[in-house]
Amino acid sequence: MKSSDKFSFAHFTDIHIGTSVNPAMTAANLTWALSELETFDPKPEVIICSGDSVCDGTREELAEFKGFMDKSSIPWHALPANHDLWGEESDDVWQEIIGPMRKSAVVGNFKFLMWNDIKRVENGWLNSLPKEEYAWLESELIDAEKRDLNVIAAIHNPMDLRNKYTTHFTRWSNEDTEKLMSLFARYNVKAVISGDYHVNDCWQINGVTNINSASLAGFIWNGQDNFPVKPGYRLFDWDGETLRTFWRQGSYWNLPGSPEKKQRYCWTWELYHFREAGNMYWPIMHYERAQVSLNAIGGVWTGGARPVFRKMFIFDQTKLQAQSFSQLLNVTRVSWSLNENDWRPMNKVWNGIWDEWEADFDPDEFRGGEYLLKVMAETDAGAKYYDTVPVVLCGPRNAPRGTAPVVAGGLEVRQAFRIPFD
């Protein structure tokens, strides 16, 4: 593998800068994310922002968003969506301040295709694929193939064949979805990345990987808890063969109030400087706790980050797949458990900005039924951090038609997953 094959990028979506219910917080989220990217070695080579970067789509908000992004040393590109456009009478303001409504950008050995997939119509907004847009995409894909470039397509609203693959509502018609995904499959597009629904998910359409990212604003922008995932952004790493991805959840979780629980939660008290605001304590930016997630079972995403999850139905031998991250803490071990105090080791299979871990899992070792499958990351200082996913171990009589060892349920939200020490 040549060093030139290595490539990484960041994905921001649904940032909602401007007149949200808490504009100071959304601005702080963006500042945190941009600041953290500067600390990585190597830094991502580009940031892709896939829509709803602002709230009301006014000239002032777009200028404010651009001002934040231009402070970064990392190049960035943004595509417009409905929140970015509805505050002005035409799209001219976006083009004046941010750039074209659609664009291709070559960075390293990747070409990024970005366009405004949600259009103004008489009674609202509609996702569509006009002939001229299809022709533009096809010409860009032909060019990428001639130049041996990998392609990432970025849109705002995730594509689905009427919820066949996900539980998300989609504004795309089945006809446009089939047409676009067939085009992407023909030219081996590495992934389609999207946002809009403020949740993380991954699915395949016609063999093309679709990866939806949650919001950098989290549920802050509208003051409601109907978008339960906390603020964060997504990282991607390409090693020449495999595109890996990691959801980086924010470094400013609400921490428990008592000193005893804070000690358990933060591992080392002295590393933190806290500012109290109501019942919330905020650590300084670069001293976050470790992050661990049971992100997939048998290659099927578990629906993270919490509190969003998929109940996983396991029928046969498979692999558990976890990810861990910390900038300052050294995660030395990740283990899994189905029964209390029966912790079994996972093997580190990849390391980069985050680490990836795997373990073989045989459901025949356990009695069939419902369990909470847990993973635990341990640091060299003895701190422990956890993630949990509900699973159902199904015997052969309950096996689905087909050969899949794992089947995922729909996305659910469970309040108990919010904070370990609530």
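These legends describe close-up views of a predicted model.

**View A. Helix 5, end to end.** Aspartate 148 follows helix 5 and has a positive phi, near 55°.

View B. Glu133, Tyr134, Trp136, Leu137, Glu140, Leu141 and Ala144 are the buried residues of helix 5. They sit on the same side of helix 5 because they cover an arc of only 160° around the axis. Lys131, Glu132, Glu145 and Lys146 are exposed, on the face turned away from the buried side.

**View C. Packing partners of helix 5.** The buried residues of helix 5 pack against four numbered strands and a helix, including strand 4 (102-107), strand 5 (110-115) and strand 6 (118-121). Strand 8 (150-154) and helix 6 (174-186) are also among the partners.

**View D. The largest nonpolar core.** This core has 34 residues. Phe12, Leu30, Leu37, Ile47 and Phe65 have the most contacts inside it. Strand 1 (7-12), helix 2 (59-70) and strand 12 (232-238) are among the elements that each supply at least two residues. Helix 1 gives the most, with six residues.

**View E. Surroundings of leucine 37.** Neighbours within four places in sequence are left aside here. Leucine 37 is then in contact with Ala10, Phe12, Lys43, Pro44, Ile47, Ile74, Tyr233 and Leu235.

**View F. A second core.** This core is separate and has 28 residues. Leu320, Ala322, Val375 and Val391 are included in it.

Methods. Residues are numbered from 1 along each chain as its sequence is written. This is a predicted model: local features need pLDDT of at least 70, side-chain atom pairs count only at pLDDT 80 or more; totals for chains, interfaces and linings use all residues. Side-chain values use heavy atoms; hydrogens and water are left out. Buried means under 20% relative accessible area, exposed over 50%, partly exposed in between (1.4 Å probe, protein chains only). The arc is that of the directions from the helix axis to the C-beta atoms. Contact means heavy atoms within 4.5 Å. A nonpolar core is a set of buried Ala, Val, Leu, Ile, Met, Phe, Trp, Tyr and Cys residues joined through side-chain atoms within 4.5 Å.
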